[in-house]
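This report covers helix packing and a few individual residues. Please look at the sequence and the structure before reading on.

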Amino acid sequence: MFRNQYDTDVTTWSPAGRLFQVEYAMEAVKQGSAAIGLRSKTHIVLGCVNKANSELSSHQKKIFKVDDHIGVAIAGLTADGRVLSRYMRNECINYSFTYESPLPVGRLVVQLADKAQVCTQRSWKRPYGVGLLVAGLDESGAHLYYNCPSGNYFEYQAFAIGSRSQAAKTYLERRFENFADSSRDDLVKDALMAIRETLQGETLKSSICTVAVVGVGEPFHILDLETVQQMIDAFEIVGEQEGPAAEPDAAAAADQGGSTEEGVAPMDI
Amino acid sequence: MTKQQANWSPYDNNGGSCVAIAGADYCVIAADTRMSTGYNILTREYSKICKLADKCVMASSGFQADVKALQKQLAARHLIYQHQHNKQMSCPAMAQLLSNTLYYKRFFPYYSFNVLGGLDNEGKGCVFTYDAVGSYEKVGYSSQGSGSTLITPFLDNQLKSPSPLLLSVQDAVTPLVEAEAIDLVKTVFASASERDIYTGDKIEIVVVNATGIRREYMELRKD
């Protein structure tokens, strides 16, 4: 009821102790097209759905290489995502220049989170409207982090963000215990399956999705269309048998819209 | 009251010579591997050659600490270029970047005498030669460093066209075949190491052509 009184700028608290502008920024992430990430002990795979505005236009780039050992997938305001990617690339280059070694992922996500936090405490700024799935490899192993507009960050075994991501999350929740020991190819297949869950019936083709991999001995790169199509073809036959499982996921997706009306602030997940 | 002179210099000269020769479809870049200071040798096995991009290699003589810093700067800028353009920098583009980077420090220069060699966008060999503050020129061949006064006249004799009226400077690409150019480089360094005390030990020869980049070495006088 009082939401509209306290949501004018980011530096105003609501009586319930919430910053509505930040929560609205998190909504922007949910409006973006889906991005997913999953990891094993040695590899991390990022995937995203390419939504073009119309048949005539190209789709937006949602996966960025940050360095040989780090890549990021975004959901939400892609312009904000591009700016943050540029920041991340600069940080990696500067660190490499000074220390002649790759920037540890954990450090990068903290810097990113602190940068996002600044925008939640300045009256002349607005929060970044983009969620980032940061995939990186460093001395302590393979990592997948999610950075939110609120300035929080979490490490995940597997995660999905953006529209209809609940369907992908349900799929990942069923399978994540096996990911740690998965082979690289199985991990990519699981990523494609998770992307397919978000498409809700639409055929999975390499033209509507992008997949990127980073792992031990494999610098971050985006897989080309033929490779992705081959992998889709390889498991599509198995995919038809799993058809009936798609329907319960449609019911799960409807819950996503309701959560922000409840008392719990989404930032405290 | 006479003007006080500095009792410490931020620069040192580590000596050595560099050469580059451009061909129709290749480029040869070579440098000796001796690093000295004063009349002493610091090491006999130091590389003065750095790969900046897929088809672009730089050799630099002078103060190696400044050379190293310059190489790192260019490598970082190249990475940014690749992120923004999704491709490697071409040799002429890198040539301009090097010039700008050097001039940026016009009033505290990189003590680095560079030759840049590689293939341009059409696959033709190109060589660019620089002074310490970024003045550069596209040439068919060049030499820098302590042995350059001995090497350049010989290269002029072998490679320079008799008159600029016959062959314009833009087309200054040697008629030599790759193997002949490498041979010429070896001859030239062997001569330079006879009389220049700072040139010797070993030559590192880098050849850039359509198939990629390859490296060879040749022993020189150790004295």
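This is a predicted model: local features need pLDDT of at least 70, side-chain atom pairs count only at pLDDT 80 or more; totals for chains, interfaces and linings use all residues.

Residues are numbered from 1 along each chain as its sequence is written, chains are lettered from A and ligands numbered from 1 in the order in which they are written, and side-chain values use heavy atoms, with hydrogens and water left out.

**Chain A overall**

Chain A has seven helices and ten strands. Helices (H or I, at least four residues) and strands (E, at least two) are DSSP runs, numbered from the N terminus. Of the 269 residues in chain A, 49% are buried. Buried means under 20% relative accessible area, exposed means over 50%, and partly exposed is in between (1.4 Å probe, protein chains only). Among contacts in chain A with a separation of 6 or more, 65% are between residues 24 or more positions apart. Contact means heavy atoms within 4.5 Å.

**Helix pairs**

Axes are lines fitted to C-alpha atoms, for helices over the stretch in contact, and angles run from 0 to 180 degrees between N-to-C directions.

| Helix pair | Angle | Axis distance |
|---|---|---|
| α2 (residues 78-99) of chain A and α1 (residues 64-85) of chain B | about 160° | 11 Å |
| α4 (residues 165-175) of chain A and α5 (residues 184-199) of chain A | about 145° | 7 Å |
| α3 (residues 148-159) of chain B and α4 (residues 178-195) of chain B | about 150° | 9 Å |

The pair α2(A) and α1(B) joins helices from two chains. These helices are roughly antiparallel to each other. Angles under 35 degrees count as roughly parallel, over 145 as roughly antiparallel, 65 to 115 as roughly perpendicular and the rest as oblique. The crossing of α2(A) and α1(B) is right-handed. A crossing is right-handed if the near helix is turned clockwise from the far one by less than a right angle, and left-handed if anticlockwise. On the α2(A) side, A:Arg89, A:Asn90, A:Ile93 and A:Phe97 take part, and they meet residues of α1(B) including B:Lys72, B:Ala76 and B:His83. By class, this contact has five nonpolar, three polar and two charged residues. Ala, Val, Leu, Ile, Met, Phe, Trp, Tyr, Cys and Pro count as nonpolar, Asp, Glu, Lys and Arg as charged, and the others, Gly among them, as polar.

Within chain A, α4(A) and α5(A) cross in a right-handed sense. Residues of α4(A), among them A:Ala168, A:Tyr171 and A:Arg175, meet residues of α5(A), among them A:Asp190, A:Met193 and A:Glu197. Six nonpolar, two polar and three charged residues make up this contact.

Within chain B, the crossing of α3(B) and α4(B) is right-handed. Here α3(B) residues including B:Leu150, B:Phe154 and B:Gln158 meet α4(B) residues including B:Leu184, B:Val188 and B:Arg195. The contact has eight nonpolar, two polar and one charged residues.

**Single residues**

A:Leu199 is found in helix α5 of chain A and is buried, at 5% relative accessible area. Leaving aside neighbours within four places in sequence, A:Leu199 is in contact with A:Val49, A:Arg164, A:Leu204 and A:Ile208. A:Arg164 is 35 residues from A:Leu199 in sequence, and the two are 7.8 Å apart, C-alpha to C-alpha.

A:Glu100 is not a glycine, yet has a positive phi of about 50°. This residue is in the loop between α2 and α3 (105-118) of chain A and is exposed, with a relative accessible area of 57%.

B:Asp201 also has a positive phi, near 75°, in a residue other than glycine. B:Asp201 sits in the loop between α4 and β11 (202-209) of chain B and counts as buried, at 1% relative accessibility.

B:Arg44 touches B:Asp201, and also B:Thr33, B:Arg34 and B:Lys222, not counting residues up to four places away in sequence. B:Arg44 lies in the loop between β4 (40-43) and β5 (49-53) of chain B and is partly exposed, with a relative accessible area of 38%. B:Arg44 and B:Lys222 are 178 residues apart in sequence and 8.4 Å apart in space, C-alpha to C-alpha.
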